[in-house]
Amino acid sequence: MKHLLFAGNGKVFDGILSCLVSVFRRTSSREAVHVWVMTMDASHLNPAYLPIDDREIAFLDRYVKTFGADNTVTKLDVTDLYLREFSGCPNEGAYCSPYTLLRLLADLVPELAALEKLLYLDCDLLFNRDIDLWWGQDLTGYEYAAARDHYGKFLIQPNYINAGILLFNMPEALRTGLFPKAREWLRRRKLTFADQSALIRSTTRKKMLPQKYNDQKFLHRSTIVRHFSKRLYWLPYPHTDNIKQWQVDRVRRVFGYRALDPLLDEYLTLKASFQQEQEQTNT
């Protein structure tokens, strides 16, 4: 069974849904998939920081089961773990949100700690090719596999990774203490990229994958994952923008992609179905 991990609050539904569409539509294997969604109530930091809704989890679960009865989506509320490990730490005001720190609690969740492999996915990415190209990586002797950060490999150092997609070798990561070491960094010092910086500083040995495994700027035929992270544009003047895959009109207008159209169309249909369900429930 493949095990996928997402993390976020009540605003990540669109990202998870669209990503799962890409996982199942671009995968030939019928191996069962267990999707874990880490979430928490952090409304003491921001009123918008609420857990993902159970109705959204139920909808995602029904969707993945259309590809096989053994596929499952499970919600993991780790509020208590977060408060114990990170409350008041200098990285609570992380560059994205405190939800980016949740993946570093994986070893404290018994269901996750017991796994051989765990594929962490940011919510702003789509698979352009088969997920088995990621899942099938041999991680013997490595704590995790990752691809380079598009900008960091030029600005920081050549093997600077992007932590938006990580394949963890859980037994090895537990053996080396990867997760507790990263949490300690986050408690001790304010880090530029919070979770990503802490993970890099705590790594003993990682497997580097080519950029096509986590392409944060382009969509090539060889691209395995297109990560819709913030990027730099030179025209009509130098600026940054953060276009996400669920902003379908902008993806099509700005990037001109057509290879992703079947995935985005299915996402839009599913999102409309979910909204209709909620409207009927509320009336």
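Which residues are linked in a network of salt bridges? Arg84, Glu85, Asp107, Arg183, Glu184 and Arg187 form this network. A salt bridge here is a side-chain nitrogen of Lys or Arg within 4 Å of a carboxyl oxygen of Asp or Glu. The model is predicted, so local features need pLDDT of at least 70 and side-chain atom pairs count only at pLDDT 80 or more, while totals for chains, interfaces and linings use all residues. Residues are numbered from 1 along each chain as its sequence is written, and side-chain values use heavy atoms, with hydrogens and water left out.

A search of the whole structure finds 20 salt bridges. Lysine 271 pairs with aspartate 14, the closest N and O atoms lying 2.6 Å apart. The pair links distant parts of the chain, 257 residues apart: lysine 271 is in helix 11 (residues 261-282) and aspartate 14 in helix 1 (residues 13-25). Helices are DSSP runs (H or I, at least four residues), numbered from the N terminus. Both lysine 271 and aspartate 14 are buried. Buried means under 20% relative accessible area, exposed over 50%, and partly exposed in between (1.4 Å probe, protein chains only).

Within the network, arginine 187 and glutamate 85 form a salt bridge with closest N and O atoms 2.7 Å apart. Arginine 187 lies in helix 8 (residues 178-188) and glutamate 85 in helix 3 (residues 79-86), 102 residues apart. Arginine 187 is partly exposed, at 33% relative accessibility. Glutamate 85 is buried, at 11%.

Glutamate 172 and arginine 175 also meet in a salt bridge (2.7 Å, N to O). Both lie in helix 7 (residues 170-176), three residues apart, about one turn of the helix. Glutamate 172 is buried at 16% relative accessibility, whereas arginine 175 is exposed at 61%.

Conventions. Helices (H or I, at least four residues) and strands (E, at least two) are DSSP runs, numbered from the N terminus.
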